[in-house]
Amino acid sequence: MTGKARSLGRFGVPGRDFVREQMRRGRVLAVLAGAVAVWGAAAPAAACAAAGGSVPAVSGAAPAAGSWGRAIEVPGLGALNKGGQAQVNSVSCASAGNCAAGGHYADRHGNGQGFVASELHGRWGTAIEVPGLGALNVGGGADVVSVSCGSAGNCAAGGFYSWDSAAYFRVAPFVAAERGGRWGKAVALPGDGEVYSISCASAGNCLAGGQAAPDQDYYDVGDAFVVQERAGRWGSVRFVPGMGALEQGGDPEIAGSWISSVACPSAGNCAAGGGYRDKNGNPHGFVAVERNGVWGKAIEVPGLAALNKVGGDTQVWSVSCGSAGNCAAGGYYIDGDGHYQGFVAVERHGAWGKAIEVPGLGALNKGERAAVNSVSCGSAGNCLAGGAYAGGFVPPRRSGRLHGFVAVERNGVWGTAIEVPGLAALSKGGDAFVTSVSCASAGNCAAGGYYTDRSHHRQGFVAVERDGRWGTAIEVPGLGALNAGGSAEVGSLSCPSPGSCAAGGYYIDRSGHTQGFVVTHAR
C-alpha cells in the first residue's frame, strides 16, 4: 500500500446507543423512513452497512435445492447475555458447515460486549467473548460488526469498543483473528472510530475498513481507513488515498469519509466503498480499489453525481467482487424530485462504469423511498442486489409500506428489479426488507431479511435462488417459535457453495430479551 500511515486521534458521537444502532440495515431504514439527516456528519458511525440496459425479470418460483434447518439460539450466547440484549450482526462461511458468527450481548451489568462463535464440520461451537476485548472495553460498549472467513477455522472479526465511560459514547476500532479454530486476542487499532467491514481472501490475508478521526479532535467527522492482514500479520492503519482531494480540504468538522463495505476476491486485490462529505458538507459515494497490494486513489462513483441531482444524501452501502477487477457496488441517491432511489455500479476489468438506477426499481418505488442495501457477486458479471422500496401511498401514512426486492446481473447486464417472490403474501401487516444477499455462484444465491405478519409482528425470512430461478420466501424455520416477543430478522447471510448457506440475526424471547440466532441451509 502506498502512502504513510498517519497518527489517529479520538472520535466520538454524542448519544450513540450501541444496542439500538448496530446494523447497517438500520441506517438504510432511516433513509427509507425519510430521516435524511439522521446520521449527521458521522454517517455510518453508529454501526452498533454499471452497465445500462436490462433483461427480463426472472419470473416464476422454483423449489429451493436442499432445505433450511431450524433456527437455534447461538450456543452459549444466552449464558453470556445476562442483560438480555444479544444479536448476530454478521456471518461468514469458508465452506459448507464451516462458518463464523459475530455480534454483541449485554453482560449482567448491562454492558455491551462483543462475541464470536464458530461452526466446524456442521456443528456450532459455544459463543465466547472476543478474547482480550473485555479488557479494552472499559466503557462498556463493544460490538463485533463484521466477520469473514478465508478458510475453515481461519476467520477474522472487526468492530469497536468503548475506551472510556464518559457521558459521550466514545469508541475505538479493533480486529481479531481466528487461527486453526482458535480465536486470538483483540488487537486495538489506534485512534477512535470503528471497523465496519472485513473481508478475508484466504487464511491470514484479510482487509478491514472503517472510519477514524485524526488529531484528537472530538468533533471531526473522521476519515476512511483500511488495515491489511498479510500472512497472518496485521499492518498499520492507513487512510484511503485520494480522500483528501475528494473532501476538497474542508473543515474536518464538516468534511470527512467512511468505508461501509470491503471485498477481497484474492490476496492484495480488494475493493472498498462508502461515503464522504465535501467542504460544503454535501455527501457523495466513493469506491477505491487495491491491485496487487497497492491502493489506487478513491474516486466518486462515476455517474452518481449526475443521478444525485439535488445534491442530497447519497453513498455506497455495499461492494462485492466476482474476481479481481470485477466488482459491483450498490447504495442510494436522491433524484431530481427529491426521491430516494437505489443504484448499482459495476467494475469490469479494472474500470468502473457509470452508476445506474436499478432497472425497474423506479417503477416499483411509488412511495419515493428505495435503496440497495446489499450486493453479492457469484462470478465476474454475475451479481445480485437486494434492498427495499416503498409502495404506493396509503393514507394516513406519508408513504407506502416497504417491500423487499432483488435484482440480478447476468453476463454483465442487470435485469429488472422484482419483489422477492412470496414476500408480499407473508408481509400482511407492514414493512418488509431485504437486509442481506449472498451468491455462491452465478444464479445460485440467497436473500434474507424481515417482514411484518398480519399480527404486526416482525419475522425473519429467507429465499433461495437455484439455477437462476427464485424460490418462494419462507419464514425461517423454527424462528417463529423462538420469537415469542414478536420481533425478529435475518441480518446476515453467507453462501459458500450452491445450496449451502448460513444466516444469523436476532429475535425477542418470551421474557422480552433480545437473543442471537443462526440457521443453516444444506443440500
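Which side chains meet in a salt bridge with 2.4 Å from N to O? The first view below has the reply. This is a predicted model, in which local features need pLDDT of at least 70, side-chain atom pairs count only at pLDDT 80 or more, and totals for chains, interfaces and linings use all residues. Residues are numbered from 1 along each chain as its sequence is written, and side-chain values use heavy atoms, with hydrogens and water left out.

**View 1. Arg179 and Glu229 meet in a salt bridge.** The side chains of Arg179 and Glu229 are joined at 2.4 Å, N to O. A salt bridge here is a side-chain nitrogen of Lys or Arg within 4 Å of a carboxyl oxygen of Asp or Glu, and the structure holds six of them. This pair links distant parts of the chain, with Arg179 in strand β10 (residues 171-179) and Glu229 in strand β15, 50 residues apart. Helices (H or I, at least four residues) and strands (E, at least two) are DSSP runs, numbered from the N terminus. Arg179 is partly exposed, with a relative accessible area of 34%, whereas Glu229 is buried at 1%. For these words, buried means under 20% relative accessible area, exposed over 50%, and partly exposed in between (1.4 Å probe, protein chains only).

**View 2. Arg230 forms a salt bridge with Glu290.** The closest N and O atoms of Arg230 and Glu290 are 3.2 Å apart. Arg230 lies in strand β15 and Glu290 in strand β20 (residues 283-291), so the pair ties together parts that are 60 residues apart in sequence. Arg230 is partly exposed, at 40% relative accessibility, while Glu290 is buried, at 1%.

**View 3. Glu489 and Arg458 meet in a salt bridge.** Between these two side chains, the N to O distance is 3.5 Å. Distant parts of the chain are linked here too: Glu489 sits in strand β38 and Arg458 in strand β35, 31 residues apart. Glu489 is buried, with a relative accessible area of 0%, and Arg458 is partly exposed at 23%.

**View 4. Asp453 is buried yet has no salt bridge.** Look for Asp453 in the loop between β34 and β35. The nearest side chain of opposite charge, Arg454, is 7.5 Å away; for charge, Lys and Arg count as positive and Asp and Glu as negative, while His and the chain ends are not counted. What does the side chain of Asp453 reach at 2.9 Å? It reaches the backbone nitrogen of His457.

**View 5. The largest cavity is lined by 14 residues.** Rolling a probe the size of a water molecule over the atoms shows where empty space is left. On a 1 Å grid over the protein atoms alone, a cavity is a set of points where a 1.4 Å probe fits but cannot get out, and lining residues have an atom within 4 Å of a point. About 80 Å³ of space lies in the largest cavity, a volume being the space filled by probe spheres set on the points. Nearest its centre are Asn444, Val464, Glu465, Pro498 and Gly499. The strands β34 (444-452), β35 (458-466), β38 (488-497) and β39 (500-508) each supply at least two lining residues, and β35 gives the most, with three. The lining divides into seven nonpolar, five polar and two charged residues. In this count, Ala, Val, Leu, Ile, Met, Phe, Trp, Tyr, Cys and Pro are nonpolar, Asp, Glu, Lys and Arg are charged, and the others, Gly among them, are polar.

**View 6. Ala231 has a positive phi although it is not a glycine.** The phi of Ala231 is about 50°. This residue is in the loop between β15 (223-230) and β16 (233-234), and Ala231 is exposed, with a relative accessible area of 72%.

**View 7. His349 has a positive phi although it is not a glycine.** Here phi is about 55°. His349 lies in the loop between β25 (340-348) and β26 (351-352). With a relative accessible area of 75%, His349 is exposed.

**View 8. Asn483 reaches the backbone nitrogen of Ile508 with its side chain.** The distance is 3.5 Å. Asn483 lies in the loop between α8 (479-482) and β38. At 4% relative accessibility, Asn483 counts as buried.

Notes:
On a 1 Å grid over the protein atoms alone, a cavity is a set of points where a 1.4 Å probe fits but cannot get out, and a pocket is an open set with protein on both sides within 12 Å along at least five of seven lines; lining residues have an atom within 4 Å of a point. A polar contact is a pair of N or O atoms within 3.5 Å; within protein, one must be able to donate a hydrogen and the other to accept it, and residues adjacent in sequence count only if both atoms are side-chain atoms.
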